[in-house]
Every structure is written in C-alpha cells, then in structure tokens.
Amino acid sequence: CYGCGLAAQKRGLDKICPFCRSPLLNEAFSGVLEKIQKRVDARDPESICYHGSLHLIGAYGLDKDESKAIEMWSEAADLGS
C-alpha cells in the first residue's frame, strides 16, 4: 500500500525493498517509465496521477519535484481522476 511505501521512504529505505531489504535494481524497472510516459502522452488520468506521484518521491531516476507532482495531479483531476 502507499502507507507502507511512505513509511519506508521516511526511514530512508527508499532504495531497498521495505520487506526483504534487498537493493532495488534499476534494471528490474527498465522500460517502466517509458510505458507510463506513453499512457501520460495518451492523456490517461490515472497514469498522469501516478506519474505525478513518481515525481514527488523521485522514483525511476526522476528528479524530486513537488511542483511538477502537483501540476500533474491537477491535470489528472481535470481529466476525471
């Protein structure tokens, strides 16, 4: 759940699995951001909302950017998310 992920991040565990403590490998997520971006480009509100959340935490190599996250969440809300 998002609560578990947030708790892990607050404890500095955002680069490891909060359950088994194994390092998160970027290779395991290769192509994920591209797939999300494809849906964002198609103006899918749920994907835009999710992409905003990724900007908030700086996931998949994105810069942490609160203003970008809020901008994307607003866009998603305008589209019905």
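Contact means heavy atoms within 4.5 Å. The exercises below concern a predicted model.

**Exercise 1.** Determine where Leu 62 is found, whether Leu 62 is buried or exposed, and which residues Leu 62 touches.

*Solution.* 
Step 1. Leu 62 belongs to the loop between helix 3 and helix 4.
Step 2. The relative accessible area of Leu 62 is 18%. Buried means under 20%, so Leu 62 is buried.
Step 3. Leaving aside residues up to four places away in sequence, Leu 62 has contacts with Leu 33, His 51, Leu 54 and His 55.
Step 4. One of these partners, Leu 33, lies 29 residues from Leu 62 in sequence, while their C-alpha atoms are 9.3 Å apart in space.

**Exercise 2.** Carry out the analysis for His 55, giving its helix, its burial and its contacts.

*Solution.* 
Step 1. His 55 is part of helix 3, which spans residues 45–57.
Step 2. With a relative accessible area of 10%, His 55 is buried.
Step 3. Beyond residues up to four places away in sequence, His 55 touches Leu 62, Asp 63, Lys 64, Asp 65, Lys 68, Ala 69 and Met 72.

**Exercise 3.** State which helix has the highest confidence and which the lowest.

*Solution.* 
Step 1. The chain averages a pLDDT of 83, and 81% of the residues score at least 70.
Step 2. Confidence is highest in helix 4, at a mean of 96, and lowest in helix 1 (residues 2–10), at 73.

How values were computed:
Residues are numbered from 1 along each chain as its sequence is written. This is a predicted model: local features need pLDDT of at least 70, side-chain atom pairs count only at pLDDT 80 or more; totals for chains, interfaces and linings use all residues. Side-chain values use heavy atoms; hydrogens and water are left out. Helices (H or I, at least four residues) and strands (E, at least two) are DSSP runs, numbered from the N terminus. Buried means under 20% relative accessible area, exposed over 50%, partly exposed in between (1.4 Å probe, protein chains only). pLDDT is the predictor's confidence in each residue, from 0 to 100.
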